[in-house]
Amino acid sequence: MATVGKPLLEPQVGWKRFSAITSAISYTGSWEKFETNITSYQFNNNVGMYSTTPNDTMKFNFTGKRLLLKAYGNNDTSGFILTIDGTVQGSFKTAYNTTSTVVVYEKTDFEDREHSVEIKVLPYTSVSGATRTRVLFDSVDVDQDKSIGIVKPTVGQQLTAPESGWKRYDDTTSEIKYEGAGWVSATGDSNTYAGTGHYLILNGVTSNNITFNFYGTKIRIIDLYWTNRVNNVTIDIDGVVSTWNPNNSSNKYQVLVFEKSELSKTIHKVKIFTDSLSGTFSIDALDIDSEGRLFHPEEVTNVAELEIGKRIRCHYQSSTANTVGVFSGLGEQTSELIPPTSSATPNGDFYFIMVEDRNGRKQLVADRNIQSGISWDTMNSSGIVGGVLVSLFVLEEVSTSIRLLTGGITAIDKDDEWDKYIVNSTMNGQIKPGDNNVWNWSGVYSWTSTTNTYASNNRTVRGNSNVGSLSYTISNNVAHGFRPMLEAVILPMNRSLIKHDGSYKKWNTDWNAVSTTIPPENAFISEGMGDLSVLDRKPAGFNQTMTLNGNLGSGKVFKTTINLEKYLEITNLSVK
């Protein structure tokens, strides 16, 4: 065995060493990377990880019977509390009055299985001989034929940040839909993720739901364990139901209450609800794949799928204040959503919500001001006020234009688009009229195209203090926001799919199946081939090199391989 407090430049026979910077070790707190060229320090690959903050933690799993830990042993380090498999092993010092890394822990008689390890930094006042709070960690040694790995959190444990390979969405993100009345959006509690949470206090049966869609293969729900929570929460993922119970005598924030992995890599529909009659029904955050994406339940990704109440994502960027920016990426997730009050130089995504279909002309309104600090005159000079064509879709047969909504010439004039769509519409029963969670009107006025009767150089602005409020201001004022209205028209088009071997297919460098049944119109629009010239067989023949394969009597035998995927049809072979 090695000696605790002494150097160990190389792992012992039968052991294997892992550096402190390996991705298998997770660090929580203010840990930083330490690099040195001083070989006498004896750091593995001249690198380590250090923290000077008490209670900072590092975690990993290892398999096997043996474990050895190394750290820098000078007195300007302190020590750590070691927990293995949930049991505290004790406090261990790293202050050995040396100028090199030393063995600080070794044990060789664990059960031969996977074990979890947590190391928590101790203040120097808790360690005899230490002069500074610091742990400068070097490496981990385990059995030669074993390994270490990332500690996976389990349901019931706190998870204050998403792990590597995951990304977190807060409860306030607009992709999450809270159905029913009574929801409270709480802010200001620093114990919750991002200081926010959604909750509903029950008094009998409720039909309220939390709904969203996501693309990915795994999901985690983050919430509270508390004595006042409901005793049953159900999650429905694509019709498969699971439950959890957040009612717990041990009050904890940011708890992993549910996890599901190994889902198919596609879009999944999620609904969260409760059968409890009393208690608090809540959610704090959710995690999905880092390469995944959250979808609003009413979100679509192409214009052909739009109906009243449906929404489609878009990107907007303006690099200069009081300047109309650029729209792009309709139907795509390009970046994070623009804040509801926006900024003078925004660079983010937002949603267009479809409010009406006028004889095939789809009318959509932005769910927020996408830019603040812009004047009516600036937008007018760019053609935005009355309407200007913009290129937002990959299909040439889809025409898109941007303009401002009409806003009413006086406070009693209700014959305008702001009142019709934002103040009064339910989107065919899908929303509460004027809901700020949908339209984000609070806190900033939105310019409209309307000239107010007060003066010819004044324009009507809407929103800010109340969804129905109407005011007016001079057209060169830069204190208000840009909320665009989009008109999308699907022009006449020809789209084709080829039926072969029981499937409807398209050609895109290869044959790709679209559907096994006759596809609907929107599938033809989004997936169909607009140019059948890709099927033209331009080459009429080809030459193939043949190689000598042997002798047959007085002649010779030649052979070659023909790629039947490359040459679609062979009707004749010429042999000479």
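This is a predicted model: local features need pLDDT of at least 70, side-chain atom pairs count only at pLDDT 80 or more; totals for chains, interfaces and linings use all residues.

Q: Why is Leu532 called partly exposed?
A: Leu532 has 39% relative accessibility. Partly exposed is the class between buried, under 20%, and exposed, over 50%, so with 39% Leu532 counts as partly exposed. As for its place in the chain, Leu532 lies in the loop between helix 4 (521-527) and strand 40 (547-552).

Q: What makes Asp112 and Lys146 a salt bridge?
A: The closest N and O atoms of Asp112 and Lys146 are 3.5 Å apart. The rule asks for a side-chain nitrogen of Lys or Arg within 4 Å of a carboxyl oxygen of Asp or Glu, so this pair qualifies. Side chains of opposite charge can pair when their charged atoms come close. By this rule, the count comes to 25 salt bridges.

Q: How do you know whether Asp112 is buried or exposed, or something in between?
A: Asp112 has a relative accessible area of 48%. Exposed requires over 50% and buried requires under 20%, so Asp112 is partly exposed. Lys146, with 22%, is partly exposed too.

Q: How do you know that Lys420 and Glu356 form a salt bridge?
A: Their closest N and O atoms are 3.1 Å apart, and the limit is 4 Å. This pair also links distant parts of the chain: Lys420 is in helix 2 (residues 417-423) and Glu356 is in strand 29 (residues 347-358), 64 residues apart.

Q: Why do Glu356 and Lys420 get the labels they have?
A: Glu356 has a relative accessible area of 19%, and buried means under 20%, so Glu356 is buried. Lys420 has 43%, which makes it partly exposed. Both residues belong to a network of salt bridges that links Glu356, Arg358, Arg403, Glu417 and Lys420.

Q: What makes Asp416 and Arg462 a salt bridge?
A: The closest N and O atoms of Asp416 and Arg462 are 3.5 Å apart, against a limit of 4 Å.

Q: Why are strand 33 and strand 35 said to stand at the edges of their sheet?
A: The open sheet has 3 strands in the order 33-34-35, with antiparallel pairing. Strand 33 (445-451) and strand 35 (470-474) each have a single partner strand, so one side of each is left without a neighbour in the sheet. The twist averages 40 degrees from one strand to the next.

Q: How do you know that strand 33 and strand 34 are paired?
A: There are 4 bridges joining strand 33 to strand 34, and at least two are needed for a pair. Among the bridge partners are Thr451 and Arg459, the latter in strand 34.

Q: Why is Asn55 called exposed?
A: Exposed means over 50% relative accessible area. Asn55 has 53%, so Asn55 is exposed.

Q: How do you know which class Asn322 belongs to?
A: Asn322 has 26% relative accessibility and so counts as partly exposed. Asn322 also has a positive phi, of about 55 degrees, although it is not a glycine. This residue is found in the loop between strand 27 (311-317) and strand 28 (326-328).

Technical notes
Residues are numbered from 1 along each chain as its sequence is written. Side-chain values use heavy atoms; hydrogens and water are left out. Helices (H or I, at least four residues) and strands (E, at least two) are DSSP runs, numbered from the N terminus. Buried means under 20% relative accessible area, exposed over 50%, partly exposed in between (1.4 Å probe, protein chains only). Axes are lines fitted to C-alpha atoms, for helices over the stretch in contact, and angles run from 0 to 180 degrees between N-to-C directions.
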